[in-house]
Amino acid sequence: MKQASAGVSAARSNLDWLADVLVSIEEGKAVRQELPSGGRLHIDRALPFLCVHVSDDDRALVAREITQANASYLIAQDRATAAAIVEAVGALLERRFGAFMVIEMGELASDELLTDKAPFLPPFTIEVTAGKDASIRAAARAFIAAFEAIQVKFRTPRVEIRYWSEERRAAGEALDIPFPLMRVRFAPVYRQQESDKIYPELRERLIAALFDAGLRAFAAFASATGSLATSTHRALGRKAFIDAVVRTDRCIDEVASTFDFLLAVTPINAQAAWTEFTASGCGRAPRFLYRPLTLEVEAAKRKLFSIPFEHLEDPVLYQLYREKQQELDLQLSMLSARETAKFIEFGRALYGPVEATLLRAAGEVLARTDKSGTEAGGSASSVRVCADCYFVERRAREMIAEYARRCSDFEARVEVRDDLPSGLLVSGRRLLIARSTLMPVDRVEAILSHEIGVHLLTYFNGSAQGLRLFRSGLAGYEGMQEGLAVFAEFLSGGMTGERLRLIAARVIACAAMLDGAALPEAHRLLVHEHGLPETDAFNVVLRVYRGGGLVKDAIYLRGLLQLLDHLADGGVLEPFWMGKIAASHFGVMQELSARGLLGGPAVRPMFLDHPQAPARLARARTGMSPLDLLDN
């Protein structure tokens, strides 16, 4: 032990930068210090723990990446240097928190149970070694319980727990530090034993599982020692974006900003197409015309897949950007296949099929409302006064001005255009209004709540989060985004049977299109079997058959059903206003918020201020079906 301590002292004498690091930690500043001999000390905030990896080569890839995923970590080339740094940093943090622990992460030399030609996949070894004091044993138990509960695809863990004796620590089996220590060693199951090639999927799963287990161990230690109170173990993750994350975010956004997917697949000749369609007796599909593509798809894909993700040091953000990369790839593939049979299949991969449950829900809406848009047995409203595009534009500018008064960064633009089908569309920070737009006056507030109160609001709130990803949208965000927007129409008191029928009709038309029906067949189905007016039915099939067949419009009702289930299960809406996210990202947003990486919404939707909104929201929490939205 004396010999080891001497080595630590000698190593510390060469760390002239360490004093400045300790001052920074004391002052609450973040530390990211490259070690002269190789490695790094990273502390984005003071915490009562440190994750350490000691290695002088690059073979232990996963152990290194797990270590780097933590808010506080040290990577060092040798044990003496590591021990010297840990002893200095640990002493400071122990004084602050009253306790301090270390997890040393490493890999076993080989995966002895598996060869590339093995006929089955046996368990793989994880060795956990810890000291005998109660706090570190609690951390070890939490680590083991967490990891054993996680399914690491293809292999199952076999955990071996050991406890150090003073003799074993004195013999140099552990870092020479005066703090509770837990050492983790795992078999490199992510690597082919004979060829040394990497299994990428297994590597990612292993990193995520061991990182999570490590956080649970730190949380258990903090709880046992009373050194830190946490709402969840995930709150112990990073609270600051490193430069590599910002660079990746900008690169992804640069690709996403080179095209507007919906504008690229939306016909510019809607009125002429309707005239052509009626001239054929609604028996022949009209020709749709589109804007010329302004990007070279192959070049955009090359740029997209040249973006590096390996330096993000955060498994959660790594997964979010990988998902976004895959979504952009599918969108680019769809653009390259515009007006071909492949367009439909790429769209099915991006938006999913029309599930049987979704189709039944749409059928129920259409069956229980009549062609006037009222529920069967109800009475239709009197003739309604209509608003043109200029009325909608004026009211939109007033609503945007009020949002801008509440949040100075809310700088949206309104454009009235001739190259859009009747209605409204949000593109980035722009609200686009078709000049042919005509709608009942009592629907204007609801549709602006949909477009401005959800689509534009989440764009600007996402922009305020520091990463552009949250304004352009996490992968798969559109379903929940449209569900929220439809629900906004209800909260603002503007949901009608006619509107609900259109949303259900889109699902019916998408299902027919995916089953091989041509546009005239889908149009006849909506008119003759479901009672839609011919013009309304054409607007639906135009949306569904644009680009060659776009299944996107099924997501409105799907997203609404997901949202109603979420509310009935006790879910809240607040994280959805923070940016454009999918239902599957709700937990991710809560975690990033708990870490301090994300702030609350810069501005809340104005439709929540509607006098009846609280009561309507309370009703939704008791359980509602789409048809219940008609009872305003």
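**Salt bridges and surface charge in the predicted model**

Lys303 pairs up with Glu254 in a salt bridge, with the closest N and O atoms 3.1 Å apart (a salt bridge being a side-chain nitrogen of Lys or Arg within 4 Å of a carboxyl oxygen of Asp or Glu). Lys303 sits in helix α11 (residues 297-304) and Glu254 in helix α8, so the pair ties together parts that are 49 residues apart in sequence. Lys303 is partly exposed at 38% relative accessibility, and Glu254 is partly exposed too, at 36%. Here buried means under 20% relative accessible area, exposed over 50%, and partly exposed in between (1.4 Å probe, protein chains only). Helices (H or I, at least four residues) and strands (E, at least two) are DSSP runs, numbered from the N terminus.

This is a predicted model, in which local features need pLDDT of at least 70, side-chain atom pairs count only at pLDDT 80 or more, and totals for chains, interfaces and linings use all residues. Residues are numbered from 1 along each chain as its sequence is written, and side-chain values use heavy atoms, with hydrogens and water left out.

The whole structure holds 49 salt bridges. Another one joins the side chains of Asp314 and Arg595 (2.7 Å, N to O). Asp314 is in the loop between α11 and α12 (315-336) and Arg595 in helix α23 (residues 586-595), 281 residues apart. Both Asp314 and Arg595 are buried. Through shared partners, salt bridges link Asp212, Arg216, Arg234, Asp314, Glu591 and Arg595 into one network.

As for the chain overall, buried residues account for 56% of its 632 residues, and its secondary structure comes to 24 helices and 13 strands.
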